[in-house]
Amino acid sequence: MYFDVASTAPLHPVARQALTAALDEGWADPARLYRSGRQARMLLDAARETVAAVLGARPDEISFTASGTQAVQLGLLGALAGNRRRGGHLVHSAVEHSSVLHVGERHEAGGGEVSVAPVDRTGRVDPRAFGALLRTDTALAALQSANHEVGTVQPVGEVAELCAAAGVPLLVDAAQSAGRMDVPAGWSLLTASAHKWGGPPGVGVLAVRKGVRYASPLPADEREGGRVPGYVNVPAIVAAAASLRAVRAEAERENARLHALVERIRGRVPQLVPEVEVVGDPVRRLPHLVTFSCLYVDGEVLLTELDRAGFAVSSGSSCTSSTLTPSHVLAAMGVLTEGNVRVSLPYGTAEADVERFLRVLPDVVAGVRAPLGLDLPAPAGDAGPLLVIDALGKRCPLPVIELAKRIGEVPVGGTVAVLADDEAARLDVPAWCGMRGQEYAGEAPAADYGGDRGSAYLVVRRS
């Protein structure tokens, strides 16, 4: 099972069809005036219009790059150059993609200044803290739409308002969210990467709003609005646009389905495996991605054993990195940087595949830990008595009211499973836990707790 679409997604069937057709119809130079060139130009223009419509931009604001990383680099460097009269100060969050960090390092080496906004333990930026870093000489700010390692969705709208009030352009890296979620409002520059949504590799997107000062950091070229030099890959761009439109059309249905599967993983892993922490924001997150860290486990060994068991997953652990440097994202969050597993589900993932993963994982982790001879406690799910509250057929806030009335029936450390088929419970139960100092342990099928429909929302009593 391939559970690593946060790295790259399998080619979408629509992308494959569009690519094959465009190889025959769009192979010519779109800058030429003969028939085959005009045909390629028509395909390129149509692709640009499609991408612009999905991302909420004008077609002439869209340029295609060779990758998402190149889009980020050109966007940052071009906006910094375009705003150099304002100053040389750059602001970004501590959990941005490495492409942002590397540009920041280069900017500092060239005499510029960089301020880094911290994040909380869920990986989320505080908009007020971010806004406090903006100065009169700030040339550019950068904030990702959602984190690539833990899935936390950032408060881009709130930060964008602060940037607009300060007159600072905001670059939003939407690589992980484009196609899955609505593009947040307020951006000045936006970047994305086609292979993250099921398009072919080698296509990135750089959008620059009209009126945003931008000066290409590369020698002049007449293609792609002067922002990206070189010959464009029309067939790949056509396939990228077609797949983006396709996944966006599927997103609402698939997001809900994948969200439920990820909630199952979030809730069940701490029950099945001792000494595990699920990281990232439990509510404001990507629907398809979950990350957890296992104590006393070498990440590379764990990923290798999961691969042998038939599961391709990823990790932010230092030992899976070519640089042997701990994940800057996990380090900024203050969570465990070793034994880290990132599961990101592709469109179409079956419930049975997730259940097989949950069956395999405990034995794999136990096998990796076995040589250590540790006497580990039971998983959290087995730590205390279980109370099942049957709120099926009751509309919110009744399930939460029942939870509030009866959580005292279990001792501290005990678990309450609230069975509900009202979708609002998916938001209300975690929100109640946050307000009352209880631990929301995730979601599981109601059938696991005797229900005939709906979901079980698991709450561990902490006070």
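1. Relative orientation of H7 and H10. In this predicted model, helix H7 (residues 234-272) and helix H10 (residues 351-369) pack at an angle of about 15°. Angles under 35 degrees count as roughly parallel, and H7 and H10 are therefore roughly parallel to each other. Their axes are 10 Å apart, and H7 passes H10 in a right-handed crossing.

2. Residues at the H7-H10 contact. On the H7 side, the contact is made by Leu261, Arg264, Ile265, Arg268, Val269 and Leu272. These residues meet Glu351, Val354, Glu355, Leu358, Leu361 and Pro362 in H10. By class, the contact of H7 with H10 comprises 8 nonpolar and 4 charged residues, with no polar ones.

3. The H3-H4 pair. Helix H3 (residues 68-82) packs with helix H4 (residues 98-109) at an angle of about 35°, and the axes of the two helices are 9 Å apart. The crossing in which H3 passes H4 is right-handed. From H3, the residues in contact are Thr69, Val72, Gln73, Leu76, Leu77 and Leu80. Their counterparts in H4 are Ser99, Val100, Val103, Arg106 and His107. The contact of H3 with H4 has 6 nonpolar, 4 polar and 1 charged residues by class.

4. The four-stranded sheet. An open sheet of 4 strands shows mixed pairing, and its strand order is E11-E12-E14-E13. Strand E11 (386-390) and strand E13 (439-445) stand at the edges. Each of these has a single partner strand, so one side of each is left without a neighbour in the sheet. On average, neighbouring strands of this sheet are turned by 20° against each other, direction ignored.

5. Pairing of E11 with E12. Strands of a sheet pair through backbone hydrogen bonds, in either a parallel or an antiparallel sense. Here E11 and strand E12 (residues 415-420) pair in the parallel sense over 5 bridges. Within this region, Leu386 stands opposite Thr415 in E12.

6. Helix H11 (residues 398-406) lies across E11, E12 and E14. H11 runs at about 145° to E11.

7. A cis peptide bond. The peptide bond from Cys396 to Pro397 is cis, and its omega is near 20°. Pro397 is located in the loop between E11 and H11. The edge strand E11 and the helix H11 that lies across E11 are thus the elements on either side of this loop.

8. Glu275, a residue with positive phi. Although Glu275 is not a glycine, its phi is positive, at about 55°. Glu275 is found in the loop between H7 and strand E8 (276-279). Is this residue buried, partly exposed or exposed? At 30% relative accessibility, Glu275 counts as partly exposed.

9. Tyr296, likewise with positive phi. Tyr296 is a residue other than glycine, and its phi is near 65°, a positive value. The loop that holds Tyr296 lies between strand E9 (289-294) and helix H8 (299-308). With a relative accessibility of 41%, Tyr296 counts as partly exposed.

Notes
Residues are numbered from 1 along each chain as its sequence is written. This is a predicted model: local features need pLDDT of at least 70, side-chain atom pairs count only at pLDDT 80 or more; totals for chains, interfaces and linings use all residues. Side-chain values use heavy atoms; hydrogens and water are left out. Axes are lines fitted to C-alpha atoms, for helices over the stretch in contact, and angles run from 0 to 180 degrees between N-to-C directions. Angles under 35 degrees count as roughly parallel, over 145 as roughly antiparallel, 65 to 115 as roughly perpendicular and the rest as oblique. A crossing is left-handed if the near helix is turned anticlockwise from the far one by less than a right angle, and right-handed if clockwise. Contact means heavy atoms within 4.5 Å. Ala, Val, Leu, Ile, Met, Phe, Trp, Tyr, Cys and Pro count as nonpolar, Asp, Glu, Lys and Arg as charged, and the others, Gly among them, as polar. Two strands pair if DSSP finds at least two bridges between them. Buried means under 20% relative accessible area, exposed over 50%, partly exposed in between (1.4 Å probe, protein chains only).
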